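Hi,

Here is the structure I promised to pass on to you. Have a look at it first, and then read on for what turned up when I went through it.

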Amino acid sequence: MSKGLPETRTDAAMSELVPEPRPKPAVPMKPVGINPNLLGYIGIDTIIEQMRKKTMKTGFDFNIMVVGQSGLGKSTLVNTLFKSQVSRKASSWNREEKIPKTVEIKAIGHVIEEGGVKMKLTVIDTPGFGDQINNERCWEPIEKYINEQYEKFLKEEVNIARKKRIPDTRVHCCLYFISPTGHSLRPLDLEFMKHLSKVVNIIPVIAKADTMTLEEKSEFKQRVRKELEVNGIEFYPQKEFDEDLEDKTENDKIRQESMPFAVVGSDKEYQVNGKRVLGRKTPWGIIEVENLNHCEFALLRDFVIRTHLQDLKEVTHNIHYETYRAKRLNDNGGLPPGEGLLGTVLPPVPATPCPTAE
Amino acid sequence: MDSLAAPQDRLVEPLLSPRTQAQRRLKDVDKQYVGFATLPNQVHRKSVKKGFDFTLMVAGESGLGKSTLVHSLFLTDLYKERKLLSAEERISQTVEILKHTVDIEEKGVKLKLTIVDTPGFGDAVNNSECWKPVTDYVDQQFEQYFRDESGLNRKNIQDNRVHCCLYFISLSGTGRLRPVDVGFMKALHEKVNIVPLIAKADCLVPGEIRKLKERIREEIDKFGIHVYQFPECDSDEDEDFKQQDRELKESAPFAVIGSNTVVEAKGQRVRGRLYPWGIVEVENQAHCDFVKLRNMLIRTHMHDLKDVTCDVHYEKLPRAVHPADDQVKLTQDSRMESPIPILPLPTPDAETEKLIRMKDEELLPRRVALASTTYPEVQFLYEAKALRTVLSPQVSSPEPNTWSAASSPCGVSGGATNC
């Protein structure tokens, strides 16, 4: 992982599999031509433009997982985030659907295009989580799934004849939905986050925030933050991965003030003050989803999509995946696993999830 | 009534003036008037003096607004000193049963309200049998009442049986009942009146509430859960009442919102919750069903809840509660035979002996009066203070009405002599 200074971008760019620079807010691109007034201008900075063009052509993958008890509005929120019906809601009043007896993992992929950029979005749903009477170890199927994706990627990487572009099915982000009790976290929430914060980026989210008044909301958030800290749970953005001061201050602000985001989701539009907004219409008023006075959906959306999308992928690749890879290689005696490499065959994936690194 | 009037009066009637006729009719009515129509008033006055008691249980996962709702219903804060546990403390917590009792008085009517709370229910990671402490508690109360009823001193029996259980169904988008909800309701539906509620209804829009209620009703039927049914109203009630009753039945399960704060809305101070997008008024029927719940629970159905608890749930129990007491198979029939159950009496301790003696002394005059109808000597002995006790008739003895009385100098008996 590179800890280089922002100026020496060349080092960073060449050693990464994924382009490194953090996307800044829209800035008009410099014309690619040579500025005759600037002597000694090489034109290295045009690589950003080249990368941008490349990305636009190839598109990129993003895999987001949603975890939480049924009825917390997970599918609605994902649909609101990406402004399309990417997740089939369980509240489709389908009579035959029952609460699953074990946690199931359902991955649904969509291709979304915006401004010429194509994104292959995969939403991974986990129905049945936390819904049973006995929820002990209900996070194990989820951990297993995440490790399986790492395993898949590892296999592809270790292949002699590698694909040009390895399909990335690793989970980049996991939104964990906290029930808005107003008291504190549930034991199940703690257990899940303890086990999985070392394996995947977890972003805790307070669901159905329209059930709490402003004071209740801020009190609840404070209590949740404190509990997470006391229990040593590092949610994304993790403190230890802040690369420089700029990152640190930005992330600190988010960590200490905004997170966990208290959100409300909706896919219905209403007319408010002459504008059409996404919201929920109640007898006592209309809750505007994108209004920062009402809920923090806009903050979550900006955070996940507009500012930290690339970082989520990077942390997944550079840290979580590397941890998994190191463990696997160690188990294999330091030799890279894979078929056809000096006759060694990839050792079987352990039936129980890999113990997470301490 | 008129046919009972004396024949002479009837003959005389047409000759009297209308005014006298009216007076005469009133007097007739007076003659026919027995006067037991005032019985409800007498009962009312006695009950008001005695006061009522009501035990309400609230159950559901933590954080669903149970305490707030209780506060809103009865306008008393029972949870001032409550300490909320953190998640880690809750990992090792088991389900507790907490009782809070409060005496409320309104317009001279006293209500002793007991709220039974179940903190820790449904909170753990493994919630298997988390309703067991609750069923144990309910059974205990029934058993206690049974013992009290069969006991010696029945003057001041405390009725601690749970009359109603408000079960809070947790936030759900689809109305599917969770396994914990189903488990709890099935464990308790034959023992307590269960009234399911949709909690925190301010996160739902009206369309969702409607669908949710339908779905929950379907699920309740599907799982065969017997929730409290509102009794049918008599056909001779007025249309207004019938309409109210219909609305009540159609709004079950109630979607409620509770609040212990008062906010200013449209110039009025109301109980509600203040949001950036509007104010939710708890007592506004268009906002939630709180008013319906309150009316049902307190103003119209409280007595019915108590009745159903006594007549239906309690009656089902003694067989289940005392399977080992073969001698005390208290079925409906045997009750007729032995009004005083022949309990296998263990050797009484000092306390019980004292109670037995007190009771004996109390009952003595009555027993004497009864015995002296057959044996006048008993009355004579009693007045001479020579009578210590009168024994009750032995039901199992071969000779009917064998009385025996013991007194200090010598015994007087009808059948067997005991000198």
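Let's start with a sheet in chain B: 6 strands lie in the order β2-β3-β1-β4-β5-β6, forming an open sheet with mixed pairing. At its edges sit β2 (98-106) and β6 (254-255) of chain B, each of which pairs on one side only. Before you read too much into any of this, do keep in mind that the model is predicted.

Inside that sheet, have a look at β1 (residues 52-59) and β3 (residues 109-117) of chain B, which are joined by 7 bridges and pair in the parallel sense.

Chain B as a whole has 14 helices and 12 strands. It counts 419 residues, and 40% of them are buried. Taking the chain B contacts between residues at least 6 apart in sequence, 62% join residues at least 24 apart.

There is a hairpin in chain B too: β8(B) and β9(B) form it, with 2 residues between them. Strand β8 (residues 268-275) and strand β9 (residues 278-281) of chain B run antiparallel, paired over 4 bridges. One pair to look for is B:Arg273 and its bridge partner in β9(B), B:Val280.

Further along chain B, two helices are worth a click. The axes of α13 (residues 350-374) and α14 (residues 376-383) of chain B come within 5 Å and cross at roughly 145 degrees. From α13(B), the contact uses B:Leu364, B:Pro365, B:Val368, B:Ala369, B:Ala371, B:Ser372 and B:Thr374, while α14(B) brings B:Pro376, B:Val378, B:Gln379 and B:Tyr382. Of the residues in this contact, 8 are nonpolar, 3 are polar and none is charged.

Now for the core. The largest nonpolar core has 151 residues, and the ones that touch the most other members are A:Phe62, A:Phe129, A:Leu175, A:Phe192, A:Ile203, B:Leu166 and B:Phe184. Helix α4 (residues 140-158) of chain A gives this core its largest share, 7 residues. Which residues is A:Phe192 in contact with, leaving aside its neighbours within four places in sequence? They are A:Val67, A:Phe129, A:Trp139, A:Ile142, A:Cys174, A:Tyr176 and A:Ile202.

A:Ile202 leads us on to β5 (residues 202-206) of chain A, a mostly covered strand with 5 of its 5 residues buried. In general, side chains of a regular strand alternate between the two faces of the sheet. Both faces of β5(A) are covered: A:Ile202, A:Pro204 and A:Ile206 are buried on one side, and A:Ile203 and A:Val205 on the other. Strand β4 (residues 173-178) of chain A pairs with β5(A) in the parallel sense over 5 bridges, and A:Ile178 has A:Ile206 as its bridge partner there.

One last stop in chain A: 3 strands in the order β7-β8-β9 form an open sheet with antiparallel pairing. Its edge strands are β7 (269-272) and β9 (285-288) of chain A, and the twist averages 65 degrees from one strand to the next. Between β7(A) and β8 (residues 275-282) of chain A there are 4 bridges, and the bridge partner of A:Tyr270 in β8(A) is A:Val277.

Over to you, and enjoy exploring!

Notes:
Residues are numbered from 1 along each chain as its sequence is written. Chains are lettered from A and ligands numbered from 1 in the order in which they are written. This is a predicted model: local features need pLDDT of at least 70, side-chain atom pairs count only at pLDDT 80 or more; totals for chains, interfaces and linings use all residues. Side-chain values use heavy atoms; hydrogens and water are left out. Buried means under 20% relative accessible area, exposed over 50%, partly exposed in between (1.4 Å probe, protein chains only). Contact means heavy atoms within 4.5 Å. A nonpolar core is a set of buried Ala, Val, Leu, Ile, Met, Phe, Trp, Tyr and Cys residues joined through side-chain atoms within 4.5 Å. Two strands pair if DSSP finds at least two bridges between them. Axes are lines fitted to C-alpha atoms, for helices over the stretch in contact, and angles run from 0 to 180 degrees between N-to-C directions. Ala, Val, Leu, Ile, Met, Phe, Trp, Tyr, Cys and Pro count as nonpolar, Asp, Glu, Lys and Arg as charged, and the others, Gly among them, as polar.
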